[in-house]
Amino acid sequence: CVRCLLSGARAGVPPGGSLWGSPLPRSAPGRALRAAAPLRTDIFRAELEQGLRRIGQTLKDQLPALRPGGWGNWTPPGIPSGPRPPEEADVVVVGGGVVGWSVAYWLKALEGQQHGMKVLVVERDPTYSQASTVLSVGGIRQQFSLPENIRMSRFSAAFLRDINEYLGVPNEPPIDIQFQPSGYLFLAPTEAAARLEALVQLQREEGVQVALLSPAQLKEKFPWIDTEGVAVASYGLEDEGWFDPWTLLNAFRRKATALGVHSCSGEVRGEEGRGTLVVPDPPRCPLCVSPQIHMPDSLEYQPVSCAIVINAAGAWAGKLLEESGVPEGLRQPPLPIQPRKRYVFSFHCPDGPGLSCPFVVDTSGAYFRRDGIAGNYLGGLSPPEDEEPDAADLSVDHDFFQERLWPLLARRVPTFSALRPRASWAGYYDYNCFDRNAVLGRHPRLENLFVAAGFSGHGLQHAPATGRALAELLLKGRYQSLDLQRLGWQRLLDGSPLEEDGVV
């Protein structure tokens, strides 16, 4: 055998002999041959081991691994990396962002049965590389102009304060969302001063701890601010600041999965003459829809029969309904939600505001906040309606920072004139063009379709409250914790917007 051949010299081959049994000549060349024999053996052994390793790797790549569904380092085309969608579910949540996972969590938490309804969450981007949740700046505030938004913020703040009681998983580390309670600071010019004072009065009636500051009081509290052009400011004293969005998303997902929620990677989209949401054939109900989930990197799709579909697709919620296979008359009114691209810029300023920096919203609409404790900051600015950037991708216009944002920051904080840009990224707002508020609840014509989208930049902070409210509506038939009826579809039917002034 090969092993015997490699070990023949150690097995008692007589001096002057060879592995093949023939004696070597006694001449000088023979002595050279005997000296070189061990070297040839080592080379042969190394080549053999290398060849065996290549054979082993080839077998590993070509044959199924021991684990179910495994193919080593190679995945056959059309085989999804995660679990395949089931053919049936009770509830399908389209969109695995923080809102979608919050809805899924609350459905199982309020149901109270571990093996009750089957809830499926569908996310097209399992890496979350373009997800609005993780690309946001993570703010939470109470300072809104609509009572419903204030109440949702108050609910979410209480939820985040006791997050481990809700989302803690046994034998897992406690959740730390890294909350920074530095507050929000809104600055108003003379023409907006009366409006800001009225909003503070409304917020106080809703139980919000907020202070009104004159320019002199503002300068005393924050000496690094230039108060030129500021008539009044409002400063949140409690339950305002920012936290880590990724941690909250993972906490919802981990807890929901522990409660029995299913998930899969795929995209709910139309193809080959069929829409994103289709009436089943044969129809269970003529006004009911079901999604078809397309596999990643594949031409396959899986129709999923279900009782309830929840559209939590964020910036693409409007497109999901627009491209459905449902007749246009049943899709009315249209869902006025569009993707709007927003830039976030990171910059360094060692002489900046430091630890005393809250989340500042300037009179110009520009905002900035502290990012850590090493002199780093995040900032951004929403462009005018007629200058919206192309939302086809998430590329960043760096001239926007140089020409539009930086001058506003330097005017408000003089030390920012010496800042150094560090990094930048872009994310999507699920922008409600109708009134910049969320659309929640059952579709007026499609009986099993519910929507939770259109938050216009405040979906992260309202996700805990939204999930609970929608779960109550599905399980109990009505809102219980928070009355969010005014955020339903009726205002779209009536053409009566609920304007929100506090969109940043």
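**Legends to the close-up views**

**View 1. Contacts and overall make-up of the predicted model.** Of the contacts in the protein that link residues at least 6 apart in sequence, 73% are between residues at least 24 apart. The structure is a predicted model, and its secondary structure consists of 13 helices and 20 strands. The protein has 504 residues, of which 48% are buried, while its accessible surface amounts to about 24200 Å², with 53% of that surface belonging to carbon and sulfur atoms.

**View 2. The cis peptide bond between Gln332 and Pro333.** The bond leading from Gln332 to Pro333 is cis in this model, and its omega is near -5°. Pro333 itself is placed in the loop that runs between helix 10 (317-322) and strand 14 (337-348).

**View 3. Asn171, a residue other than glycine with a positive phi.** The loop between helix 6 (163-167) and strand 4 (184-188) contains Asn171, whose phi is near 65°. Asn171 counts as exposed because its relative accessibility is 84%, and the cut-off for that class is over 50%.

**View 4. Arg436, which is not a glycine but has a positive phi.** Phi of Arg436 is about 60°, and the residue is found in the loop that lies between strand 18 (420-432) and strand 19 (439-442). With a relative accessibility of 24%, Arg436 counts as partly exposed, since residues are called buried under 20% and exposed over 50%.

Methods: Residues are numbered from 1 along each chain as its sequence is written. This is a predicted model: local features need pLDDT of at least 70, side-chain atom pairs count only at pLDDT 80 or more; totals for chains, interfaces and linings use all residues. Side-chain values use heavy atoms; hydrogens and water are left out. Helices (H or I, at least four residues) and strands (E, at least two) are DSSP runs, numbered from the N terminus. Buried means under 20% relative accessible area, exposed over 50%, partly exposed in between (1.4 Å probe, protein chains only). Contact means heavy atoms within 4.5 Å. Accessible areas come from the Shrake-Rupley method with a 1.4 Å probe; for residues, only the protein chains shown count as cover.
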